[in-house]
Amino acid sequence: MKERAEVTVEKLVHGGSGLARLESGQAVFVPGVLPGERVRIEIRRKRKGFLEANLVEVITPSKDRISPPCNGEKQCTGATWPYISYPAQLAFKQEILLDTLARIGGITPKRPLPVIPSPRIDHYRLRTQFNVRTSGGKQRIGFFRQGSYDLIEVDDAFLINPLINKTLKGVRMLADRLPPLAEIHINATPSGEVHLLLFSEQDTLPPLEAFFTDLGKAVPEVIGISGFANRKKVFALGRNQLVLELGGLKLLATEGNFFQVNWEQNANMVRTVLDFAALAGGETVLDLYCGIGNFSLPLAQKAKAVIGIESGYAAIDDAKANAALNNITNAEFIADDLQKGLKTLIQRKMRSEVIVLDPPRAGATLKTLERVLAFVPQKIVYVSCNPATLARDLKFFHLFGFRLDRLQPLDMFPYTYHIECVAEMVREE
């Protein structure tokens, strides 16, 4: 029998779990709870300095606890906070963000701004990666249950765009026509286009023209399919580029190149980056981790010049094509490792008044941060999806004379604990 206890939840922490303490004072982290709740828990793991537990029963529920707006695993998978009212989600995310910055970075924003709510709080995800497993001679498509390889065959998933749910049903109807697959990625646009990527661990894939034709009859929105065998592209049927619209710009995204899953909220994030950059027209802007040009091209419309750097060659190809498509001639794009790309620009004795960073969850490397300083920027606009690495990186800039002025959280992922934000670091006079 595992140890059980009753505890009162103190607060939520980065990662979405609640922090409580046993009578001994030992910290314990529990998922599925809210601050102030009295709960019964079961200890499942001992870590150095803290415990992890499962929720057994909510004894005294919070006023912010709701009945989930989705039913069971098949609809709710991916929604890690389905039991929290939406206004409370926003408040908790802001609290977690500010607490993490203070605890890890030792910094507080001069002007913390309220969270921008998502324009849509359900069915907002435009990009989804499904796992595929064979059972009973049939390929099953869904998501792995958190912390395991148990597959949940999602159906009408609460967070996923309806077009992706529709496409998934079409693929399942024709699944017996598919070769053994490991993953299926389905990407959609707000305008109603869908593209699929099929991934197999086999060395080759058979012809799938007939499958593509029949899927198109069931789901006319499907514009193309690309197939990969052992991560090598082996075919492309139909069109392999989705077309996205952003503030009057058209952006092409080829075969799974990254774009934000919540495109309506992405527009708010781009506006925030432009606001924080406060360009007057004579600046040279660096856009690091630039992707397909999501920030670069809107920035180029207001700056003297923009240079985007991205390690993904396919994304840079899209960025260049997007600049040409929108008649933007003052944007340059470099496909290279960030450190090497920055070193090349430093050797050109380049200066940049404003630098925009949008790194992955792991944050920027120390060498990248050091090289950012070599451009003597007056302002750094840092876009982050991870409060912990944001705090670490902003602490570094703070040590070298920058202060955190405005901090704008945006709820890019409703009903999850994930937090997106834009930070404005200004050089102190």
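Colleague: Let's start with Lys 93: does that count as buried or exposed?

Modeller: Lys 93 counts as buried, at 3% relative accessibility. Keep in mind that this is a predicted model.

Colleague: What does Lys 93 form a salt bridge with?

Modeller: Asp 411, and the closest N and O atoms of that pair are 2.5 Å apart. The two residues sit in distant parts of the chain, 318 residues apart: Lys 93 is in helix 2 (residues 86-105), and Asp 411 is in the loop between strand 21 (402-410) and strand 22 (420-427).

Colleague: And Asp 411, buried or exposed?

Modeller: Buried, with a relative accessible area of 0%.

Colleague: How many salt bridges are there?

Modeller: The count comes to 31.

Colleague: What about Asp 99, which residue does that pair with?

Modeller: Asp 99 forms a salt bridge with Arg 103, with 3.7 Å between the closest N and O atoms. Both lie in helix 2, four residues apart, which is about one turn of the helix. Asp 99 is partly exposed at 27% relative accessibility, and Arg 103 is exposed at 52%.

Colleague: Where does Arg 348 lie? I have it next on my list.

Modeller: Arg 348 lies in the loop between helix 8 (338-347) and strand 19 (354-357), while Glu 332 is in strand 18 (residues 331-335), so their pairing ties together parts that are 16 residues apart in sequence. The closest N and O atoms in that salt bridge are 3.5 Å apart. Arg 348 is partly exposed, with a relative accessible area of 43%, and Glu 332 is partly exposed too, at 31%.

Colleague: Which residues are linked in a network of salt bridges?

Modeller: One such network links Glu 6, Arg 38, Arg 40 and Glu 57.

Colleague: Changing topic. Which cysteines does a disulfide join?

Modeller: Cys 70 and Cys 76, at an S to S distance of 2.1 Å. A search of the whole structure finds one disulfide. The link between Cys 70 and Cys 76 is right-handed, with 120 degrees about the S-S bond. Both of these cysteines are buried.

Colleague: Why is Cys 385 in no disulfide?

Modeller: The nearest cysteine sulfur, that of Cys 421, is 9.1 Å away from Cys 385, and a disulfide needs the two sulfur atoms within 2.5 Å.

Colleague: Is Cys 385 buried or exposed? And Cys 421, buried or exposed?

Modeller: Cys 385 counts as buried because its relative accessibility is 18% and the cut-off is under 20%. Cys 421 counts as buried at 1%.

Definitions and conventions:
Residues numbered from 1 in each chain as written. Predicted model: local features only at pLDDT ≥ 70, side-chain atom pairs only at ≥ 80, totals over all residues. Heavy atoms only, no water. Salt bridge = Lys/Arg side-chain N within 4 Å of Asp/Glu carboxyl O. Buried < 20%, exposed > 50% of the residue type's maximum accessible area, 1.4 Å probe, protein only.
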